[in-house]
Amino acid sequence: MEENRTPLPPPEKHVYTLPEKLALAFAFALGIIVCWIWFGENSDYLTHELRRFIPVYALFWGVYAAGFCLFNRDRAKHPASLFLLAAAALLFLRYGVYRQAETSLLNLLVIPLILMLHAVDVAFDVPACREGQYIALYLRGWFGAPFLCIGRFFGAIAALFPRGKADEKTKAVRIGILAALPIAAVAALLLIRADAAMSYYLSRFLDGLSFGDTLTRLIFTCIIAVVFYSFYYAMTWKKPRISDAPYPKPLEGLTAATVLTVLLALYGVFAAFQFSYLTGLAGLPEELTYSEYAVQGFGELCAVAGINFTVFALLQAFTKEHKALRPMLLALLAATALLLVSALYRLILYIDAYGLTFKRILSLWFMGFLLIALGLFAGKLYRPKLKLIRTLAMALVLWYLALSAINIDAVIAKSVLAEAAKTGTLRESDANYLRYQLSADAKKVLLESPMKEEIYYDVDIEDLP
């Protein structure tokens with residue numbers, strides 16, 4: 001017996017708005033910048049001169065940010081969002097002031113990281129009780145949003161052309177053609193490169209036209225456009241719903257107290273060793289110098305501090321109310337402070353023995369941020385509504401701007417020269433380091449030094465540029 005089934009209504013057709021169509025222009029503009037300017041005919045700056053590449057890099061991210069702010073213009077006006085945009089702009093401006101190599105390369109990575117943070121901050125308003133979602137949303141921005149709405153790209157392309165009253169078969173053919181074009185283009189390029197005879201006769205037929213290069217650029221222009229259109233769409237018009245309900249609290253207070261008791265006992269033993277060795281009450285083992293003791297374990301101590309921060313966040317978020325929870329969490333932060341002070345003291349010992357380098361300055365900077373984080377975690381205990389993860393991210397960006405404002409190579413040069421002044425001589429290895437390893441940012445310090453003759457021992461200083 002045949003059952004009576006009510007047919008399902010057809011899915012509602014999506015009507016593309018003007019901003020959704022306009023996003024195509026920004027997406028294709030980004031593809032053109034990458035494929036025709038970034039990797040254009042004169043792209044030798046990618047391997048020869050970073051400063052020539054920066055204007056192209058700035059143009060790319062400037063066009064991206066302009067489009068994103070246009071499509072999210074209401075929330076893009078918030079102070080935090082404007083701060084993050086300004087931070088990215090200041091890092092670009094730094095290229096016009098300093099030439100320190102490591103920071104210049106690092107900023108190429110930091111700038112998109114900040115802009116992704118900006119995108120998440122603009123797109124989502126996460127309540128303090130669910131702030132762990134910031135991490136998931138940030139990862140979604142990198143690994144989900146560029147691919148979740150690829151179909152919308154082809155729909156927006158189709159929406160640009162008036163279609164009249166086409167039947168279902170005609171519509172299906174049009175969609176098939178749009179979907180097949182990029183696939184066929186990639187397949188054609190691979191076939192041309194795979195078959196030498198086909199490539200040869202095709203190149204002769206086109207009479208010298210660089211078909212392969214042009215086709216490659218067109219293909220990658222379309223790929224970049226698809227990815228960035230999907231990102232725009234997923235972060236603007238197809239955002240996931242953010243729950244405002246607090247996290248469930250499955251952990252009993254006694255469970256959390258047990259975890260914290262074990263950790264605090266371990267840190268108590270560690271504190272006894274630190275007090276004995278670092279105050280001189282007990283000497284180090286004979287085969288271990290203070291410089292070796294200083295450098296050994298610095299990364300491990302910072303990692304343990306990170307574990308403590310994670311434990312703090314998880315226990316505070318998922319543990320039921322208990323009168324002992326806050327005091328024990330505060331004790332955990334105090335133990336973390338001990339770890340950080342020990343790591344900082346070790347680092348200072350090492351710097352005192354060997355002077356400053358970029359890595360040691362970066363380590364000092366990172367220690368400073370961990371101390372800032374420690375204060376924010378303590379504040380979270382007494383202000384539960386504090387959006388800790390978001391505030392930490394903003395503090396990290398601000399602290400990185402402070403690092404970027406420093407003339408790092410000049411600081412390193414002063415440190416090396418100060419060590420040389422203590423002994424009265426500049427070692428040849430240090431002279432070569434100052435002369436060849438540091439950028440032009442340190443030149444003023446070197447030329448003003450009483451040891452400039454030892455640094456430029458085989459060059460007439462008057463002839464220096």
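What follows is a set of questions and answers on a predicted model.

Visitor: What share of the 465 residues in the protein is buried?
Guide: Buried here means under 20% relative accessible area. Across the 465 residues of the protein, the buried share is 41%.

Visitor: Among contacts between residues at least 6 apart in sequence, what percentage join residues at least 24 apart?
Guide: Take the contacts in the protein between residues at least 6 apart in sequence. Those that join residues at least 24 apart make up 76%.

Visitor: Are H4 and H17 roughly parallel or roughly antiparallel?
Guide: Helix H4 spans residues 79-94 and helix H17 spans residues 388-404. Their axes lie 11 Å apart, at an angle of about 25°. Angles under 35 degrees count as roughly parallel. So H4 and H17 are roughly parallel.

Visitor: Which residues of H17 make the contact with H4, and how does that contact divide by class?
Guide: The crossing of H4 and H17 is left-handed. H17 contributes Arg-390, Met-394, Val-397, Leu-398, Tyr-400, Leu-401 and Ser-404. From H4 come Ala-80, Phe-83, Leu-84, Ala-87, Leu-90, Leu-91 and Arg-94. By class, the contact of H4 with H17 has two charged, one polar and eleven nonpolar residues.

Visitor: How are H4 and H5 oriented to each other, roughly parallel or roughly antiparallel?
Guide: Helix H5 covers residues 101-123. The axes of H4 and H5 come within 9 Å and cross at roughly 165°. Angles over 145 degrees count as roughly antiparallel. H4 and H5 are therefore roughly antiparallel.

Visitor: What is the handedness of the H4 and H5 crossing, and how many nonpolar residues does the contact have?
Guide: The crossing of H4 and H5 is left-handed. Among the residues in contact are Leu-84 and Phe-92 of H4, and Ile-111 and His-118 of H5. The contact of H4 with H5 has two charged and five polar residues, and the nonpolar ones number twelve.

Visitor: At what angle do H3 and H5 cross, and how many charged residues does their contact have?
Guide: Helix H3 covers residues 50-71, and the axes of H3 and H5 come within 12 Å and cross at roughly 0°. That makes H3 roughly parallel to H5. The contact includes Trp-61 and Tyr-64 of H3, and Leu-108 and Pro-112 of H5. Its residues divide into 15 nonpolar, two polar and, for charged, none.

Visitor: Which residues touch the most other members of the largest nonpolar core?
Guide: The largest nonpolar core has 121 residues. Those that touch the most other members are Tyr-64, Tyr-229, Met-235 and Leu-434.

Visitor: Which residues is Met-235 in contact with, leaving aside neighbours within four places in sequence?
Guide: Contact means heavy atoms within 4.5 Å. By that test, Met-235 is in contact with Phe-68, Asn-72, Ala-119, Val-120, Ala-123, Phe-124, Arg-140 and Ala-145.

Visitor: Is Ile-455 buried or exposed?
Guide: Ile-455 lies in helix H21, residues 452-455. Its contacts include Leu-417, Leu-426 and Leu-434. The C-alpha atoms of Ile-455 and Leu-434 are separated by 7.3 Å. Relative accessibility is 0%, so Ile-455 counts as buried.

Visitor: Is Pro-250 buried or exposed?
Guide: Pro-250 sits in the loop between helix H11 and helix H12. The C-alpha atoms of Pro-250 and Thr-319 are separated by 6.4 Å, with the two 69 residues apart along the chain. Because its relative accessibility is 59%, Pro-250 counts as exposed.

Definitions and conventions. Residues are numbered from 1 along each chain as its sequence is written. This is a predicted model: local features need pLDDT of at least 70, side-chain atom pairs count only at pLDDT 80 or more; totals for chains, interfaces and linings use all residues. Side-chain values use heavy atoms; hydrogens and water are left out. Axes are lines fitted to C-alpha atoms, for helices over the stretch in contact, and angles run from 0 to 180 degrees between N-to-C directions. Helices (H or I, at least four residues) and strands (E, at least two) are DSSP runs, numbered from the N terminus. Angles under 35 degrees count as roughly parallel, over 145 as roughly antiparallel, 65 to 115 as roughly perpendicular and the rest as oblique. A crossing is left-handed if the near helix is turned anticlockwise from the far one by less than a right angle, and right-handed if clockwise. Ala, Val, Leu, Ile, Met, Phe, Trp, Tyr, Cys and Pro count as nonpolar, Asp, Glu, Lys and Arg as charged, and the others, Gly among them, as polar. A nonpolar core is a set of buried Ala, Val, Leu, Ile, Met, Phe, Trp, Tyr and Cys residues joined through side-chain atoms within 4.5 Å. Buried means under 20% relative accessible area, exposed over 50%, partly exposed in between (1.4 Å probe, protein chains only).
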